[in-house]
Amino acid sequence: MGILSGNPKEEPLHYGEVFDIWASQLVGNGLIAGYQTMLNHAGDEDLKKLLVEAIEICQQEKKHGEELLKENGIGLPPASPEPPVACLEDIPVGARIPDPAIAATLSADIAAGLVACSQVIGKSIREDVAMMYGQFHIQKAALGAKVLRLNKEKGWLIPPPLHLNKHGDC
């Protein structure tokens, strides 16, 4: 039996897996702090709920990634300190991040996260790493659908040019 034919947790991580897990931890740390800050700026209650859900998902991913890195003797990336809670009314209007901009950022982050998860899955040789990022992907896709629905309901979605002339009719 070869080195890669037993229990995946006993197999070594390859350098790409180590880098991807470590880098996703670093990005996740930044996203958590960013979403906590955006939570201070958000006025829409539905948007706040999705930001809280995004923070919780990032924290779950962080926990799983940290466990895997620690099990393999790999140091953790630095984490940003938790930003203070602020009252929306205390933030001057010109300094606030508008709700549509927060929702757009959340959508873009989710899209980038889906691509990143897919790349890690494709590069992984350890099944447990691929499965972990598969679960992350599923969670992000579900959250992305909720954010898309919110953007449509609130009128915040800015679509690209729409193809309305499907059959060459004038």
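# Aromatic pair, cores, cavity and pockets

User: How many aromatic pairs does a search of the whole structure find?

Analyst: A search of the whole structure finds one aromatic pair, and its two rings belong to tyrosine 133 and phenylalanine 136. The model is a predicted one, and the values that follow are computed from it.

User: What makes the rings of tyrosine 133 and phenylalanine 136 a pair, and is that pair stacked or edge-to-face?

Analyst: A pair of aromatic rings is described by the distance of the centres and the angle of the planes. Here the centres are 5.0 Å apart, and the cut-off for a pair is 6.5 Å, so the two rings qualify. Their planes stand at 70°, and angles over 60 degrees count as edge-to-face; the pair is therefore edge-to-face.

User: What makes asparagine 29 buried or exposed, and which residues does it touch?

Analyst: Asparagine 29 is also found in helix α1. Its relative accessibility is 7%, which is under 20%, and it therefore counts as buried. Not counting residues up to four places away in sequence, asparagine 29 touches Lys62, Pro77, Pro78, Ala79 and Ser80.

User: Which elements and residues make up the largest nonpolar core?

Analyst: The largest nonpolar core has 19 residues, and those with the most contacts inside it are Tyr35, Leu47, Leu51, Leu106 and Leu143. Two or more residues come from each of α1 (15–41), α2 (45–71), α3 (99–123) and α4 (127–154), with the largest share, seven residues, coming from α2. Apart from this core lies another one, of ten residues, among them Ile21, Leu68, Val129 and Met132.

User: Which residues is leucine 106 in contact with?

Analyst: With neighbours within four places in sequence left aside, leucine 106 is in contact with Tyr35, Leu50, Leu51, Ala54 and Val147.

User: What makes a space a cavity, and how many of 30 Å³ or more are found?

Analyst: Rolling a probe the size of a water molecule over the atoms shows where empty space is left. A cavity is a space where the probe fits but cannot get out, and a search of the whole structure finds one of 30 Å³ or more. About 90 Å³ of space lies in the largest cavity. Its lining consists of Ser24, Gln25, Gly28, Asn29, Cys58, Glu61, Lys62, Gly65, Met132, Tyr133 and Phe136, and α1, α2 and α4 each supply at least two of the lining residues. By class, that lining has four nonpolar, five polar and two charged residues.

User: What lines the largest pocket, and what is its volume?

Analyst: The volume of the largest pocket is about 450 Å³. Its lining has 25 residues, of which Ser24, Val27, Gly113, Ala116 and Lys140 are the closest to its centre. The elements α1, α2, α3 and α4 give two or more residues to this lining, and α3 gives the most, with ten residues. The lining of the largest pocket divides into 16 nonpolar, four polar and five charged residues.

User: How is the lining of the second largest pocket made up?

Analyst: The second largest pocket holds about 160 Å³ of space. The elements α1 and α2 each supply at least two residues of its lining, and the largest share, three residues, comes from α1. Other lining residues include Glu82, Pro83, Pro84 and Val85, and by class the lining has eight nonpolar, two polar and two charged residues.

Technical notes
Residues are numbered from 1 along each chain as its sequence is written. This is a predicted model: local features need pLDDT of at least 70, side-chain atom pairs count only at pLDDT 80 or more; totals for chains, interfaces and linings use all residues. Side-chain values use heavy atoms; hydrogens and water are left out. A nonpolar core is a set of buried Ala, Val, Leu, Ile, Met, Phe, Trp, Tyr and Cys residues joined through side-chain atoms within 4.5 Å. Buried means under 20% relative accessible area, exposed over 50%, partly exposed in between (1.4 Å probe, protein chains only). Helices (H or I, at least four residues) and strands (E, at least two) are DSSP runs, numbered from the N terminus. Contact means heavy atoms within 4.5 Å. Rings of Phe, Tyr and Trp (its six-membered ring) pair if their centres lie within 6.5 Å; planes under 30 degrees apart count as stacked, over 60 as edge-to-face and the rest as tilted. On a 1 Å grid over the protein atoms alone, a cavity is a set of points where a 1.4 Å probe fits but cannot get out, and a pocket is an open set with protein on both sides within 12 Å along at least five of seven lines; lining residues have an atom within 4 Å of a point. Grid points are joined across faces, edges and corners, and a volume is the space filled by probe spheres set on the points. Ala, Val, Leu, Ile, Met, Phe, Trp, Tyr, Cys and Pro count as nonpolar, Asp, Glu, Lys and Arg as charged, and the others, Gly among them, as polar.
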